[in-house]
Amino acid sequence: MRATYIYGAGDVRVIDVPDPAVQEPTDAVVRVTQSCICGSDLHSYLDLPATPDGRTIGHEFVGVVEDVGRDVTTIRKGDFVIAPFAWSDGTCDFCREGLHTSCRHGGFWNANGVGGGQAEAVRVPQADGTLFVVPGAVDPALLPSLLTLSDVYGTGYHAALTGRVSARTSVTVIGDGAVGLLAVLSARQLGAERIILMGRHKDRTDLGVEFGATDVVPERGAEGIAKVRELTGGDGTHVVLEAVGHYPAYEQAAGLSAQVV
């Protein structure tokens with residue numbers, strides 16, 4: 001099969017590699033139909049030190065199950081499935097708390113012998129806990145939307161859910177990238193009526209307004225904090241969803257609410 005490998009900053013190649021196969025009884029093999037390029041992939045593209053043997057890349061994909069191990073009970077050949085950005089058993093104490101990325105028996109793509117999603121097929125460990133089956137026939141026109149469920153939408157929704165967003169909470173979302181925009185959408189779906197989006201790219205913040213943002217604040221730092229507090233009568237919002245991932249955004253979030261996600 002063909003798979004994407006990265007050998008260092010700016011050095012990405014599509015190469016021929018052996019087809020993945022079931023190695024453990026809890027594995028499945030998924031033929032990839034759609035895959036994403038994430039911002040974290042771009043970080044590797046820009047900054048990864050030279051790696052002579054290269055490594056796989058990609059962690060957001062959907063596809064059709066081609067094979068399953070003997071202990072897999074909920075996934076069958078031919079199922080169309082969504083793979084999240086980490087694999088997990090779904091049954092350990094961390095998974096039961098909703099912390100699947102801390103699974104005691106899980107891990108991440110592109111590590112420890114598990115390949116990445118930017119390939120024609122992927123071996124999926126802990127298939128029962130990792131893969132989500134889409135019921136019924138899948139409309140090809142929906143594939144890009146289903147692909148968002150592999151990472152970006154789930155990340156925004158998990159943040160809103162962890163922040164206990166509801167009809168009684170006001171929300172600030174920091175960042176107008178894909179995760180921030182879907183955090184806005186998730187907050188609206190969970191009932192929030194006041195959603196302040198902090199972002200500086202008008203094309204994105206316009207989309208954020210379509211998704212449910214009631215206010216847009218382009219200012220950053222102390223100026224941004226002052227603007228949000230002005231909009232909220234000096235109180236800030238019940239919840240802040242930080243969707244940038246850089247230290248200045250953390251500091252900004254801490255100035256907006258006592259509860260930061």
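How many disulfides does the count come to? The count is 0 disulfides, a disulfide being a pair of cysteine sulfur atoms within 2.5 Å. The model is predicted: local features need pLDDT of at least 70 and side-chain atom pairs count only at pLDDT 80 or more, while totals for chains, interfaces and linings use all residues. Residues are numbered from 1 along each chain as its sequence is written, and side-chain values use heavy atoms, with hydrogens and water left out.

**Cysteines**

Select cysteine 38 and cysteine 36. The closest cysteine sulfur to that of cysteine 38 belongs to cysteine 36, at 7.9 Å, which is too far for a bond. Cysteine 38 counts as buried at 18% relative accessibility; buried means under 20% relative accessible area, exposed over 50%, and partly exposed in between, with a 1.4 Å probe and protein chains only.

Go next to cysteine 92, whose sulfur is 3.7 Å from the closest cysteine sulfur, in cysteine 95, again too far for a bond. Cysteine 92 has a relative accessible area of 7% and is buried.

**The antiparallel sheet**

Helices (H or I, at least four residues) and strands (E, at least two) are DSSP runs numbered from the N terminus. Two strands pair if DSSP finds at least two bridges between them.

Display the open sheet of 5 strands in the order E9-E3-E5-E6-E10, where the pairing is antiparallel. E9 and strand E10 (132–133) are at its edges; each has a single partner strand, so one side of each has no neighbour in the sheet. Within this sheet, select strand E5 (residues 61–68) and strand E6 (residues 80–83), which pair in the antiparallel sense over 4 bridges. Glycine 63 has valine 81 in E6 as its bridge partner.

**Two loop residues**

Most residues other than glycine have a negative phi. Select asparagine 110, in the loop between strand E8 (107–108) and strand E9 (121–124). Asparagine 110 is not a glycine, yet its phi is positive, about 70°.

**The parallel sheet**

Now show the open sheet of 4 strands, ordered E13-E12-E11-E14 with parallel pairing. Strand E13 (215–217) and strand E14 (239–242) stand at the edges with a single partner strand each, so one side of each is left without a neighbour in the sheet. From one strand to the next the twist averages 20°; axes are lines fitted to C-alpha atoms, for helices over the stretch in contact, and angles run from 0 to 180 degrees between N-to-C directions.

Strand E11 (residues 170–174) runs parallel to E14 and is joined to it by 4 bridges. Valine 173 has leucine 241 in E14 as its bridge partner.

**Aromatic rings**

The count comes to 3 aromatic pairs. Rings of Phe, Tyr and Trp (its six-membered ring) pair if their centres lie within 6.5 Å; planes under 30 degrees apart count as stacked, over 60 as edge-to-face and the rest as tilted. Select tyrosine 153 and tyrosine 157: their ring centres are 5.9 Å apart and their planes at 25°, so the pair is stacked. Both lie in helix H5 (residues 152–162), 4 residues apart, about one turn of the helix. Tyrosine 153 is buried, with a relative accessible area of 18%, whereas tyrosine 157 is partly exposed at 29%.

Finish at arginine 13, which lies over the face of tyrosine 7 at 3.8 Å from the ring centre. A charge sits over a ring if NZ of Lys or CZ of Arg is within 6 Å of the ring centre and within 35 degrees of the ring normal.
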